[in-house]
Amino acid sequence: MNTLSDSASPLYEKVKDFVLGNIGSGKWARNSRLPSENELVSALGVSRMTVHRALRELTSEGHLRRIQGGGHLRCAAQAPVDADRDQQHHYRDQDAR
């Protein structure tokens, strides 16, 4: 079991640091599926709401990309993901089928 160190920072910030640390170290490969929220809850001993907030913030900062029904994927690029652009490509791809 992995526990988050005691410090003055909020738990969701510690979860964000944990996720970014695993990405930065290469433990979680580019474009690979991250552990689920429930798996992170069990591993870190925090609430699902805490994990959800951390992943939501990392997504909005461009570190992760959320795929509906597929969990979080690490972004291939360091630049923030343009969700509108991705959605337009999704619809364009479906129209071509």
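Me: How many aromatic pairs does the structure hold?
Reply: This predicted model holds 1 aromatic pair. The partners are F18 and W28, which link distant parts of the chain: F18 belongs to helix α1, and W28 lies 10 residues away in the loop between α1 and α2.

Me: What makes F18 and W28 an aromatic pair, and why is the pair called edge-to-face?
Reply: The ring centres are 6.0 Å apart, and the cut-off for a pair is 6.5 Å. The planes make an angle of 80°; an angle over 60 degrees counts as edge-to-face, so the term applies.

Me: Why are F18 and W28 called buried?
Reply: F18 has a relative accessibility of 18% and W28 a relative accessible area of 11%. Buried means under 20%, so both residues qualify.

Me: Which residues have the most contacts inside the largest nonpolar core?
Reply: They are V15, F18, V19, W28 and V51, in a core of 17 residues. Helices α1, α2 and α3 each give two or more residues to this core, and the largest share, 5 residues, comes from α1.

Me: How do you know that K16 is buried?
Reply: K16, a residue of helix α1, has a relative accessible area of 6%. This value is under the limit of 20%, therefore K16 counts as buried. Beyond its neighbours within four places in sequence, K16 is in contact with A54, E57, L58 and E61.

Me: What makes the charged end of R53 sit over the ring of Y12?
Reply: The charged end of R53 is 3.7 Å from the centre of the Y12 ring, and the distance criterion is within 6 Å.

Terms used
Residues are numbered from 1 along each chain as its sequence is written. This is a predicted model: local features need pLDDT of at least 70, side-chain atom pairs count only at pLDDT 80 or more; totals for chains, interfaces and linings use all residues. Side-chain values use heavy atoms; hydrogens and water are left out. Helices (H or I, at least four residues) and strands (E, at least two) are DSSP runs, numbered from the N terminus. Buried means under 20% relative accessible area, exposed over 50%, partly exposed in between (1.4 Å probe, protein chains only). Contact means heavy atoms within 4.5 Å. Rings of Phe, Tyr and Trp (its six-membered ring) pair if their centres lie within 6.5 Å; planes under 30 degrees apart count as stacked, over 60 as edge-to-face and the rest as tilted. A charge sits over a ring if NZ of Lys or CZ of Arg is within 6 Å of the ring centre and within 35 degrees of the ring normal. A nonpolar core is a set of buried Ala, Val, Leu, Ile, Met, Phe, Trp, Tyr and Cys residues joined through side-chain atoms within 4.5 Å.
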